[in-house]
Amino acid sequence: MTSKRNIQDTQDTLHAVRLVEGLREQTAGFARAVTVRGPETPVPTCPEWSLGTLVGHVGQEHRWTARLVRERRQLAVPDPREARPGPPDEWAGWLREGAEELIGAIRETGAETVIETFFGPRPAGFWLRRMLGDTAVHHYDAAYATDSAFRIADDLAADVIGEHLGLLAEPAFQAVRPALAELRGRGERIGFRPGPGAGGEGWVVTRTPEGPRWARGPMDYMDIDVVVSGTVANLMLLVSGRVAPEDDRLTVTGDRSLLHHWLARTGL
């Protein structure tokens with residue numbers, strides 16, 4: 001039987017065609033950002049990585065995921081330090097090739113074809129969405145490290161938020177992230193409210209005794225313990241652990257300690 005949460009995730013997911021466009025857009029933006037600094041440039045939002053390691057990770061994970069989709073089985077997670085992206089003047093082409101390899105694998109397999117994932121059986125399109133989210137966040141990492149512009153369309157940023165919240169609500173994810181067990185609660189609610197032009201639909205997380213649950217849509221924020229307001233892109237960066245609630249691009253009303261407890265355990 002399909003759970004209510006998984007039905008919600010399906011309804012909140014962009015069409016595969018837009019996910020493909022988004023992956024290409026974010027890979028291209030990432031490639032532009034990484035080419036303005038050398039491979040030893042530190043990446044403050046990924047403290048243990050240099051820019052060269054970050055490039056290796058993104059190109060490597062696209063190729064790893066493409067193989068996973070084609071073989072329809074789980075594979076050992078590769079070490080980004082073992083990736084071979086080549087010299088910096090070849091990074092853009094190498095990154096583009098990796099994204100296209102993944103897109104081709106999804107197209108050949110079929111986005112709706114069920115394959116094995118670390119959450120159990122899921123449509124192959126699960127990996128397209130997962131890689132869009134990871135690439136978008138690392139695009140920001142690269143832009144921040146190199147003082148470059150970061151841009152993402154509202155619909156893509158919204159999908160990254162929904163995908164992230166969906167991961168946190170998966171019981172199987174606790175095996176990977178034990179700290180998520182601390183997100184159980186007694187009905188505390190956290191709201192993420194987008195600014196004008198985003199359609200008025202926000203996200204509300206409820207901490208239940210079984211774990212976090214979430215919903216998206218027009219909501220009454222009066223009964224929510226803490227609400228964060230900002231652009232969709234900045235809310236995406238907040239839930240991904242890339243900006244702090246104190247950032248002047250965000251507005252927080254309500255119980256800040258509840259928000260900080262959540263963010264300390266949920267960043268990617």
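Predicted model: local features only at pLDDT ≥ 70, side-chain atom pairs only at ≥ 80, totals over all residues.

Colleague: What makes α3 roughly parallel to α4?

Modeller: The angle. Helix α3 (residues 51-71) and helix α4 (residues 91-109) pack at about 20°. Angles under 35 degrees count as roughly parallel, so α3 is roughly parallel to α4. Their axes lie 8 Å apart. The crossing is left-handed.

Colleague: How many nonpolar, polar and charged residues are in the contact of α3 with α4?

Modeller: Twelve are nonpolar, nine polar and five charged.

Colleague: Why are α2 and α5 called roughly parallel?

Modeller: Same test. Helix α2 (residues 16-34) and helix α5 (residues 125-146) pack at an angle of about 20°. The limit is under 35 degrees, and therefore the two helices count as roughly parallel. Here the axes are 8 Å apart. The crossing of α2 and α5 is left-handed.

Colleague: Which residues make that contact?

Modeller: From α2, they include L19, L23, F30 and V34. From α5, they include L128, M131, L132 and H139. By class, the contact of α2 with α5 has 13 nonpolar residues, eight polar and one charged.

Colleague: Turn to the cores. Which residues touch the most other members of the largest nonpolar core?

Modeller: F192, W203 and W262 do, in a core of 57 residues. Helix α6 (residues 154-168) gives the most to this core, with eight residues.

Colleague: What does W262 touch, leaving out residues up to four places away in sequence?

Modeller: L165, L168, L183, I190, F192, V205, R207 and P212.

Colleague: Now single residues. What makes N234 buried?

Modeller: Its relative accessible area is 12%. Buried means under 20%, so N234 qualifies as buried. N234 lies in helix α7 (residues 232-239). Leaving aside neighbours within four places in sequence, N234 is in contact with V243, R249 and L250.

Colleague: Why is R177 called partly exposed?

Modeller: R177 has a relative accessible area of 22%. Buried would need under 20%, and exposed over 50%. R177 falls in between, so it is partly exposed.

Colleague: Where does R177 lie?

Modeller: In the loop between α6 and β3 (188-194). The C-alpha atoms of R177 and R265 are separated by 8.6 Å. Along the chain those two residues are 88 residues apart.

Colleague: How do you know whether R72 is buried, partly exposed or exposed?

Modeller: By its relative accessible area, 44%. Exposed needs over 50% and buried under 20%, so R72 is partly exposed.

Colleague: And what makes D147 exposed?

Modeller: D147 has a relative accessible area of 65%. The cut-off is over 50%, so D147 counts as exposed. D147 is in the loop between α5 and α6. Phi of D147 is near 55°, a positive value in a residue other than glycine.

Terms used: Residues numbered from 1 in each chain as written. Heavy atoms only, no water. Axes fitted to C-alpha atoms, helices over the stretch in contact; angles between N-to-C directions. Helix = DSSP H or I, 4+ residues; strand = E, 2+ residues; numbered from the N terminus. Parallel < 35°, antiparallel > 145°, perpendicular 65-115°, else oblique. Left-handed = near helix turned anticlockwise from the far one by under 90°. Nonpolar A, V, L, I, M, F, W, Y, C, P; charged D, E, K, R; others polar. Core = buried A, V, L, I, M, F, W, Y, C linked by side-chain atoms within 4.5 Å. Buried < 20%, exposed > 50% of the residue type's maximum accessible area, 1.4 Å probe, protein only. Contact = heavy atoms within 4.5 Å.
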